Amino acid sequence: MRVAWELEKASFRGQLEYRLNFVVLTVMGIAYQSSGIAFIWVVLHKFHSIAGWTFPDLAFLYALRLLAHAAWLVPFNQVDMLGYTIREGKFDRFLVRPLNPLVQVMTNRFQMNVVGDVVTAATLFGIAASIADVDFSPVHLLYLVLTVIGGGLAEGAVILAIASLNFRFLQTWAAQYLVDNIYLMFGSYPLKVFGATTSWILTWVLPVAFVAYIPSSVLLGRAGGLHVSPVIAWGAPAVGAVWFYCAYRIWRWQLRSYQSSGH
Amino acid sequence: MTTLTAPPAGVPTEHTLGRNLPAYRQIMRSRLKTAATYRQNVFFLLAIVVVQIFILRKVWSALYQGQHTVDGLTLHAMLVYLTIANLQNWVFQDPTISMYMYDRIREGQVAFDLVRPAGFVPQMFAHLAGSSFATMLFALCALPLVALAGTLGAPASGSAFLLYLLSFVGGYVITALLTLIVGMVAFWTMEISGLTMLYYLVNQFFAGALVPITLFPGALRVLANLLPFQATTYAPVSIYVGRLTGADAWRAIGVQVVWVVLLTLCATAMWRRALHRVVVQGG
């Protein structure tokens, strides 16, 4: 764990060397993550609500998704680059070192746009939490912390599982990009907008609903209008953990079929 | 070093353009082949647009909530607008060209591009045209899927369709010039991936692909009208669905012409300076 932390710090410092790039990528991270809320803000200037959700509610949902996304990205942003690492033949060295290969992937080369993601997530959450009608009781706070982690795992599990396929197919970035976008685009709205079938798929086939829609419904006191029972809604963080456990098993299983791309 | 700067400018005369036509055709053909090879990736990128169109349809249907028209557009017309705007915007945007320019410049291969008889800027336009043509073919194949996810509908009238085609070309040229300008920034910054992404986001928003710009709140609408992005998407697609007709439609096309002239001037000025940068880098 301490080794992992030192490696992470080193990779972060390494990227800080490129100052201009750092600024541009951070700005890009902020713009990328704020663009969705900009859309919601613009349309709610003209219209009152989306499916009964007003701007403060939607902002809270959006910010919660960003927090979960950041919770996944900060430690795991390198998983996105796995395909590249493998194609360059750099993965070989991870296998000969006495440290879990996944931890080595995590600490490989910090992607600076993540700083933008974190800044946006924290800022928007601060704003959303102050304008939305949320009762921050100790139970709610505990749920909030757990659900941010669980939501990050629910998103990351799918990304990790697809990235694992890199060991066999050598290129999956477009599929990862699609999944990333599905979480981003569907995850930012109350799922009931999309109808019962899509909601069901985005709950039980892909765990998008557990990232922010279900947790924010609980925290905003809207759990009654959900398509799942309150027990499942309160258990949302556990769902993410289960998904991640399965994804890690897939990673281990695919790792066995790794073949070096050679040098 | 002087030989490198010998091809005087990015815009060749009629004569050289004709002579180099086979070369441009070759570039376009190789671009088509590249696109065909990476069709798997294109499929995923197309899937993102289809998902986006589906989401916009559902969200806008929820927003209308039984209102018949909003700002002169019925829900049906609005959904047709959003579907076509997003598909068209996807066909227009080509991040691979600015990345290609960036790679050529960073690795110094731009020197080889410069000594070729065909001008560098026309070469880049040939790349862009080939790749856009491929994207357009993919988009046409995906139309049934797009119709399922979004809403496709006939243009408001026959004349609306003809004006749309005219305005479509204008929008494409503006987008191509913007892509070239973004790519040329690589001559100065040596880093472009962040900028390309930023450009894509700003463009998508201010082009009116998510919300027609007439629905933007006050100051934002003024800003959107002052930027070239609305002329790439909002103008043509509004003509298609009949939101802009008659004199308004012609005014929108006039604005497109103004942007083509302004951006061409801007690109030419940038190109002149960029050539000097190449000499500095090589020397």
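**View 1. The largest nonpolar core of the predicted model.** Of the 152 residues in this core, those that touch the most other members are A:Ala59, A:Tyr62, A:Ala63, A:Leu67, A:Leu124, B:Tyr81 and B:Ile239. Helix H3 of chain A, residues 55-76, gives the most to the core, with 15 residues. A nonpolar core is a set of buried Ala, Val, Leu, Ile, Met, Phe, Trp, Tyr and Cys residues joined through C-beta atoms within 7 Å, where buried means that 20 or more other C-beta atoms lie within 10 Å of the residue's own, with C-beta atoms placed from the backbone. Helices are DSSP runs of H or I with at least four residues, numbered from the N terminus. Residues are numbered from 1 along each chain as its sequence is written, and chains are lettered from A in the order in which they are written. Because this is a predicted model, local features need pLDDT of at least 70 and side-chain atom pairs count only at pLDDT 80 or more, whereas totals for chains, interfaces and linings use all residues.

**View 2. Surroundings of B:Ile239.** Leaving aside residues up to four places away in sequence, B:Ile239 touches B:Ala160, B:Leu163, B:Tyr164, B:Ser167, B:Leu244, B:Ala249 and B:Ala252, contact being defined as C-beta atoms, placed from the backbone, within 7 Å.

**View 3. The side of chain A that touches chain B.** The contact takes 29 residues from chain A and 26 residues from chain B. On the chain A side, the elements giving two or more residues are helix H2 (19-46) and H10, and H2(A) gives the most, with 15 residues.

How values were computed
A residue is buried if 20 or more other C-beta atoms lie within 10 Å of its own, exposed if 12 or fewer, and partly exposed in between; C-beta atoms are placed from the backbone. Two residues are in contact if their C-beta atoms, placed from the backbone, lie within 7 Å.
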